[in-house]
Amino acid sequence: MDFRISPDDRVGAQAKRGGKPAPQAKSGGRDRVEPSMGQSVGVFVDDERSGGAATPPPSNKKAPKRGTAKLPRGKAPKKRRSRTGGLLMGLLYWGFILGIWVGLAVIGVIVYYGMQLPSSNTWAVPDRAPNIRILAADGQLISNRGQTGGEATTLRELPAYVPAAFISIEDRRFYEHFGVDVIGLASVALESVKAGGVTRGASTITQQLAKNLFLTPDQTLGRKVQEAILAVWLEQNYSKDEILELYLNRVFFGHGATGIDAAAQTYFGKSARNLTLGEAAMLAGSLQAPSRLNPKGDPAATAARQKLVLQSMANEGYITKEEASAAQIDPSQTVRTKVAGSESYVADWVESLMQSYIGDVDTDVIVSTTLDWRLQKDAEVIVREMVASEGPKRHFTQGALVAMDVDGTVRAMVGGVDYQASQYNRAVTAKRQPGSTFKPFVYLAAMEKGYTPDTLAEDAKFDYNGWSPRNASGKYAGTVTLRQGLAYSLNTVTARLAIDVTPQVVIDTATRMGISSPLTPVPSIALGTQEVNLLELTSAYAPFANGGMGVIPNVITSIKTVDGKVLYEASKAGPGQVIAPHVLAEMNDMLETAVEVGTGKGANLNGWTFGGKTGTSQEAKDALFVGYTSHMVTGVWLGNDNSTKTTLSGGNVPVAIWSQFMTKAHEGLEVRPIPNGTYQPDASQGTPQQVMDPNTGQPMIDPATGQPMVQYVDPATGQPVQPGAQLQQQIDPATGLPYAQIDPATGQPVQAQAQIDPATGLPVQQQQIDPATGMPVQQIDPNTGMPIQQVIPSAGQPVQDGTQPQYYDANGQVIQGYQVDPNAAQQPTQYVDPNTGQSYEVRVDANGQQILVPPGSVGQQPQPQVYDPNAQQPTQQQSPGSQRTLMDLIFGDQQN
């Protein structure tokens, strides 16, 4: 049957004009029953949309009762849908749709950031930065250097609880996930929602490794996405154990330590192979905040974090609760960690040398050094304790020491008082004024020009092109020997020598000896005003100790790879002979005198012959002492990093440090003399003697150099000769006897003329010359052992200069204050102390130095006395090497 609906029958249709109702459709058969919902809806819609109520069409049938309507035959009744089920289905539906969109968005983000990574076929784990393992001479580990600070270790080398500690606190499901822990991410997300903020990270160990290997530490969405991509790649290409091993060797632990071994060395001074359970837990806990939670950081926070790691290990079954409790540190106790000592200065120096020795270091290497571990620790303690005790009193805060064998092999080096506080190496990097420790190079140049220790020079003020050197003491001795000039550190004498030999020759000499710092050829170089470092200065003294051979400071004996391949091995090469033997003997004679009676007389080393020189820079900003034996050379520097003034001098604290250290360094060694350490004047060179002006009786001064004019005489005849020429006696044909002297102006023999005493008009007895020293010889009374005063043969009285008696010491200097009994021609020379009026006899000791002894000690071993201005009386001097001499009376206890 065809069922149609006219437009007028549609819901909301308007009635036709005239108000007639629409005709009813008739059916020839059974009437079709339609549900009344359409009418109801039509009324509802009409009411809502037309704005008025609609009149339902008339019907002759009664409306069926609710719930009694019957459906047509053949059609099953439809079940009514539950509202709850529909809502759930809707949520599932829309959730599914949303998931698809989110998945597409995630894929899009992954693809977007993944496209920014290089092609995956180029991905590779970068090589670990090479480690430089530095060992002392006995194999003791000094330090690890390089970007990591430690060796690479394998899992099988570590105790099982070491990797377990990291897994339990960083990634409990490490062996279960594929690189990204989805469960962990969901857990963190839920925790963060509940807490209202991010509670903890969700990166797996693999993700952390990916970040360390390939990415920057930026906390951005892009980096996290790339981290996840790379983590999955790592999991596909490496085993779990390989990933864990890479992680432990690449993770950063703070304080410059990268990798588990570097951390173990840095914080506990041991290999990672020897870590305890508590130490492993402490290192694992520090990864959350390496700068704060490391063993040298916050003690309370470190202890709390360690406890958490141990509890996690127990919960995961790696250890028992009892073991966890036993391994916990006591929060009231400070964590004991390794303190980097002075050997770290050596390690820094060695690391800086690697490039020049083997080029770029591209693999782990083992460097064997010459460092003596025992001496290194002795030096460290001595320097630190002396700075601590003397520094506050003398206003200095830093010290440095370099000790080497006489062949340049470095045995100890202290670059500062505290490496932890300052890594600046004051032995290698710092350059300071050496002061008078530079003077031996000036004297060496003079000796090589032909001067000798007995050459006379004038210690007096002078001006040279506007430069006026002055002695530190402000006192001047007049005519002195060069031996005395160096021993007492007389600036004027050294300056005259530098001008005479020229500053450029001084520089050439210093460079030949081992000074490598650039120097400027100016006269003031003689006084050590140009900066050098302690290492080169110490090495430049080595030729004095080893027979004249130049050295190159050496600290590395070999460099090898971890599998034993030799990359470098030290050889005995060096500059060779840099000082002639006879010149070396002269230098050793003077430098030994400097520590016997000069500014370095405070140094002592029982039984060993040694030489050295003190140095004090301008305003005492630097104080140094460099000394040597036949076994070792050691240099000491003290001062302040900011170059402020101190009250130091080279002869006090530096000498004390040197003496303490060298005493320990020579324990148990057989005493050996210094090679070429004995000075014997060369007869072929002649003996130097001042040229005297016959009109004034005073030394003649060379106007070009300001130095006293010197002539060389045959010690046997007193005749002038050319230095280096074979001495030959020239005979007077008239008498058959040697001529008394040679005219220095003509080189021809002349007859000797007797000196006339202007007071008496009588000839003066000629002085005998000592062939060993070239100085006038005092006659000794065989009965008393004392010098006999020079007398006029005819009168038997001391020689007069016309007004006051004058008496001369062994160096020809006038001795003031001596009193002689005019009735006795032969008696000991006496000295009257002007401060106390006390009389002393002047004796000559075994060293040839004049000393003061109490009167009446004839036939007894003289006990040297020294005037103590504080006690106002003589006091006994304990050390023969520090006896009071006449030079001491002039200069006091000068120690510069």
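Analyst: In this predicted model, 5 strands make an open sheet, ordered β5-β4-β14-β13-β12, with antiparallel pairing. Strands here are DSSP runs of E, at least two residues, and helices are runs of H or I, at least four residues, both numbered from the N terminus. Two strands count as paired if DSSP finds at least two bridges between them. Strands of a sheet pair through backbone hydrogen bonds, either parallel or antiparallel.

The edges are β5 (410-414) and β12 (611-616), and each pairs on one side only. Ignoring direction, neighbouring strands are turned by 5° against each other on average. Axes are lines fitted to C-alpha atoms, for helices over the stretch in contact; angles run from 0 to 180 degrees between N-to-C directions.

Take β4 (residues 398-405) and β14 (residues 632-639): they pair in the antiparallel sense over 8 bridges. L401 has V636 of β14 as its bridge partner.

Now the helices. Helix α19 (residues 534-546) packs on the sheet and touches β4, β5, β12, β13 (622-628) and β14. Contact means heavy atoms within 4.5 Å. The direction of α19 makes about 150° with that of β14. Helix α20 (residues 581-596) lies across β12 and β13, and runs at about 65° to β12.

Residues are numbered from 1 along each chain as its sequence is written, and side-chain values use heavy atoms, with hydrogens and water left out. Local features need pLDDT of at least 70, side-chain atom pairs count only at pLDDT 80 or more, and totals for chains, interfaces and linings use all residues.
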